[in-house]
Structure formats: C-alpha cells, structure tokens
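Please keep the structure in view while reading.

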Amino acid sequence: CLGPSPCRGAGMDRERRIREQVLGIYVKTEADFKTLEAWNDYLEEREEVAFNLCEGVDVRATEAKLHAYAERHASAIAGARAKKIGEKHKAEQRAEGAPGDGPKRMSVVPEEGAPQPGAAQEMPPSFAEELDQQGGGAEQEELRKLLATMASGWNLGMVRQRAREALFATLPA
C-alpha cells in the first residue's frame with residue numbers, strides 16, 4: 001500500500017516514524033565519504049540503529065548510541081535540516097510561478113476585499129455549518145448521517161465483514 005491508507009497498521013506507522021527519526025539524524029550523503037566501503041559501513045550502522053529501535057533489540061543502548069551520534073554531528077544535522085527547508089521553499093516558489101514567467105509586479109496597495117496583513121481572517125463555514133443554516137428536512141438529515149459515517153471511517157462493508165466473522169466464529173470447527 002502506498003500513502004496513508006487503511007491497510008497500514010499501527011506497527012507500520014511506528015516503524016515509519018522511527019525510521020524518519022533515524023534518517024533525520026543520520027543525514028550524511030555518499031559524497032561525504034572518501035570510499036565506498038566507508039559509505040556502506042555508514043549505511044549499515046544507520047540500518048542497524050533503525051532495526052534495533054523498530055524491533056525492540058537493545059533499545060537503551062541503541063538510543064544512547066543515537067543520541068551520542070546526534071550530539072557529535074549536531075552541526076551537520078542542522079545544516080541538512082536548513083538545506084531541506086531551503087529546498088522545500090524553492091519548490092513552493094516554483095509551484096507558485098515558474099522562473100521565466102516574466103517579472104512579477106508587487107502592488108503596494110492591497111486589492112479591495114483582499115485580506116489585510118496581520119488581520120484576523122474569518123474561517124469559511126464548514127459543510128455541516130452550511131447544512132445547519134439551510135434548515136432541516138429528511139434529505140439534510142440523511143446527508144448528515146452520511147457525513148458522520150464517512151468522518152468516522154466506518155462503512156457498510158466493514159459492518160458486513162464483522163457480521164460474517166461473528167457468524168463463522170459461532171460455527172463448529
């Protein structure tokens with residue numbers, strides 16, 4: 001399964017979080033090493049730390065090792081984080097307008113109806129609030145029930161599956 005989906009369990013989310021934490025500390029790249037062997041040793045150490053934390057193998061010693069590594073390489077970690085933020089910022093700028101679109105003119109006077117800098121902005125009403133404003137009725141009530149069901153994550157297929165499992169659990173083996 002790719003992306004956030006119901007097929008991923010809590011264990012996979014935990015492992016993903018641990019690996020992201022380890023990758024956030026072990027930030028060196030292959031270019032930082034003189035030999036391929038040194039790079040491979042680094043990758044092996046990084047994977048060993050991630051594996052031990054995910055599988056619960058000697059967790060205290062592994063966490064101590066991770067913290068010691070983070071303290072020794074704090075400047076490299078901060079530099080990598082700053083670089084990542086810079087790359088993210090550049091990507092956002094490219095998404096807003098590609099270079100070569102011509103010079104952008106900035107207006108000093110805000111357009112009428114435009115939000116004022118620093119002013120509190122009102123949130124648009126939610127779908128449920130819009131339904132409340134429209135009044136009641138059987139159709140709106142059905143829509144509210146559907147929205148509540150969708151928001152809860154349950155669907156009719158899940159109910160049927162649980163009923164089947166309960167039924168088969170009662171049958172003799």
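Which exposed residues does the face of α3 turned away from its buried side carry? In this predicted model, that face bears Arg60, Glu71 and Arg72. The helix itself consists of 14 residues and spans 20 Å from its first C-alpha to its last, close to the 20 Å expected at 1.5 Å a residue. Its buried residues are Thr62, Leu66, Tyr69 and Ala70. Viewed down the axis of α3, these buried residues fall within an arc of 100°, so they line one face of the helix.

In soluble globular proteins, nonpolar side chains tend to be buried together. Here the largest nonpolar core comprises 15 residues, and those with the most contacts inside it are Val22, Ile25, Tyr26, Tyr42, Val49, Leu53 and Leu66. Two or more residues of this core are supplied by each of α1 (10-25), α2 (36-55) and α3 (59-72). The largest share, 6 residues, comes from α2. Leaving aside residues up to four places away in sequence, Leu66 touches Gln21, Val22, Ile25, Tyr26, Val49 and Leu53.

Is Tyr26 buried or exposed? Its relative accessibility is 1%, and Tyr26 therefore counts as buried, the cut-off being under 20%. When residues up to four places away in sequence are not counted, Tyr26 touches Tyr42, Glu45, Arg46, Val49, Leu66 and Tyr69.

The charged side chains form another part of the picture. How many salt bridges does the model contain? The count comes to 3. In one of them, Glu15 pairs with Arg19, the closest N and O atoms being 3.0 Å apart. Glu15 and Arg19 are 4 residues apart in helix α1, and are therefore separated by about one helical turn. Glu15 counts as partly exposed at 31% relative accessibility, and Arg19 likewise counts as partly exposed, at 24%.

Another salt bridge joins Glu20 to Arg16, with 3.2 Å between the closest N and O atoms. These two residues also lie 4 residues apart in helix α1, which means that about one helical turn separates Glu20 and Arg16. Glu20 is partly exposed, with a relative accessible area of 47%, while Arg16 is partly exposed with 34%.

The remaining pair is Glu47 and Arg19, whose closest N and O atoms are 2.9 Å apart. This pair links distant parts of the chain, since Glu47 belongs to helix α2 and Arg19 to helix α1, 28 residues apart. Glu47 is partly exposed, its relative accessible area being 39%. Which residues do salt bridges with shared partners join into one network? They are Glu15, Arg19 and Glu47.

Definitions and conventions
Residues numbered from 1 in each chain as written. Predicted model: local features only at pLDDT ≥ 70, side-chain atom pairs only at ≥ 80, totals over all residues. Heavy atoms only, no water. Core = buried A, V, L, I, M, F, W, Y, C linked by side-chain atoms within 4.5 Å. Buried < 20%, exposed > 50% of the residue type's maximum accessible area, 1.4 Å probe, protein only. Contact = heavy atoms within 4.5 Å. Expected span 1.5 Å × (residues − 1). Arc of directions from axis to C-beta. Salt bridge = Lys/Arg side-chain N within 4 Å of Asp/Glu carboxyl O.
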